[in-house]
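Me: I am new to this structure and would like to understand the terms used to describe it. Please show it to me first.

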Amino acid sequence: MKILIVDDELVSRKKMDLLVTSLGYETLIANDGLEGWEIWKRERPRMVITDWMMPRMDGLELCRKIREAEGSQYIYLIMVTSREDVNDLVVGMDAGADDFITKPFVKEELAVRIRSGERISSFETRDIVIFSLARLVESRDLETGQHLERIRHYSKTLAIAISKSLNRPEELDGLFLENIFLTSPLHDVGKVGIPDYILLKPARLDDSEFEIMKRHSIIGFNTLNEAMKKYPKADYLRMSADIARSHHEKFDGTGYPDGLRGEEIPLSARIVALADVYDALVSKRIYKYAYKHEVARKIIENEKGKHFDPVVVDAFLKSEREFVEILERFSDG
């Protein structure tokens, strides 16, 4: 686990860094609250140890900003202070601090505080629940194998490549990368509502059957959207609902269910659309052989600006080696 240490005092900062690393944790270091805020937005560590009094942005303001931006993934905040007055501690807790360490601190106390934070973080079972839900869909189709693992890795690989482009979308931050890896396996969750005689048909679907199959995008969206209404702070549910509904949309507006065009389609869905098609192309099905990577690449290149967002296609072409490695690593064989 990465721990962000924020302290403007050099000696105190170095001492904390040495103690935390000696306990076996990786550290991120910030010289004041403002730098700590920027590092946290970029890296999103699950635990922050921050001094109280600092220039530019103090520990209280840093705690408040993290609490406002943490989304669904809880961040454990430890405040380092020489203050022991009860009223001061109340102010710190009101700003979002979970625990306090008073100066001078010792290794044994620090270890206890960090372990306490780890226990609280471990209570979060979001990742397990989401992937189990996706597995429920996969369990009805034995041929998909490692499909979900490949989809989540393809999707994150594409998102990282796009984030390195000159015209990086503003929404593509650390939280986006985290969420698309987490939620992309839910793209076909609506298939739980599709009859077996269609879902498991050992041949291509006819037109009427395909119309029924297309309903899975709306079924998935409705399911996840209802959950989002109950937990509006759960940003990952919003992304998962977008992906479930729109990953069959096409950049030129000829997809379904809404006929969205271009950037009307959520970025997350544009990314998963390519990841899903690529995996379908390179995977064996009852009605088709697995295509070689080179064949799949050519098909995707030909669909640039039609089925797929040109930006996502460019990211794919820059990430071919990673795609082949993911395919081999999570091979159905």
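Reply: The questions and answers that follow set computed values against their definitions.

Me: How do you know what kind of model this is, and what do the residue numbers refer to?

Reply: This is a predicted model, in which local features need pLDDT of at least 70 and side-chain atom pairs count only at pLDDT 80 or more, whereas totals for chains, interfaces and linings use all residues. Residues are numbered from 1 along each chain as its sequence is written, and side-chain values use heavy atoms, with hydrogens and water left out.

Me: How many helices and strands does the protein have, and what makes a run of residues a helix or a strand?

Reply: The protein has 16 helices and 5 strands. Both are DSSP runs numbered from the N terminus: helices are H or I runs of at least four residues, and strands are E runs of at least two. The C-alpha atoms fill a box of roughly 75 × 35 × 35 Å, taken along the principal axes.

Me: Why is Arg56 called exposed, and why is Arg44 called buried?

Reply: Buried means under 20% relative accessible area, exposed means over 50%, and partly exposed lies in between (1.4 Å probe, protein chains only). Arg56 has a relative accessible area of 63%, so Arg56 is exposed. Arg44 has 8%, so Arg44 counts as buried. Arg56 is found in the loop between S3 and helix H3 (59-69), and Arg44 in the loop between H2 and S3. Each has a positive phi without being a glycine: about 70° for Arg56 and near 50° for Arg44. Of the 333 residues of the protein, 49% count as buried.

Me: Why is helix H8 described as largely enclosed?

Reply: In helix H8 (residues 174-183), 9 of the 10 residues are buried, so the helix is largely enclosed by the rest of the structure. Among the buried residues are Gly174, Phe176, Glu178 and Ile180. At the start of H8, a side-chain oxygen of Asp173 comes to within 3.2 Å of the backbone nitrogen of Leu175.

Me: What makes a group of residues a nonpolar core, and which residues have the most contacts inside the largest one?

Reply: A nonpolar core is a set of buried Ala, Val, Leu, Ile, Met, Phe, Trp, Tyr and Cys residues joined through side-chain atoms within 4.5 Å. The largest has 30 residues, and those with the most contacts inside it are Leu158, Phe176, Ile180, Ile271, Leu274, Tyr278 and Ile300. The elements that give two or more residues to this core include helix H7 (147-163), H8 and helix H13 (267-282). H13 supplies the largest share, 8 residues. Apart from this core lies another, of 21 residues, among them Ala30, Trp40, Ile66 and Leu77.

Me: How do you know that Glu178 and Arg44 form a salt bridge?

Reply: A salt bridge requires a side-chain nitrogen of Lys or Arg within 4 Å of a carboxyl oxygen of Asp or Glu. The N to O distance between the side chains of Glu178 and Arg44 is 3.9 Å, and the pair meets in a salt bridge. This pair links distant parts of the chain, 134 residues apart, with Glu178 in H8 and Arg44 in the loop between H2 and strand S3 (47-51). Glu70 and Arg67 also meet in a salt bridge, at 2.9 Å from N to O, and both of these residues are buried.

Me: Why is Glu43 called partly exposed, and what is the salt-bridge partner of Glu43?

Reply: Glu43 has 32% relative accessibility, so Glu43 counts as partly exposed. Glu43 forms a salt bridge with Lys2, their closest N and O atoms being 3.4 Å apart. Lys2, at 30% relative accessibility, likewise counts as partly exposed.

Me: What makes the pairing of Asp188 with His216 a polar contact?

Reply: A polar contact is a pair of N or O atoms within 3.5 Å; within protein, one must be able to donate a hydrogen and the other to accept it, and residues adjacent in sequence count only if both atoms are side-chain atoms. The side chains of Asp188 and His216 make such a contact at 3.1 Å. Asp188 lies in the loop between H8 and helix H9 (196-199), and with a relative accessible area of 10%, Asp188 is buried.
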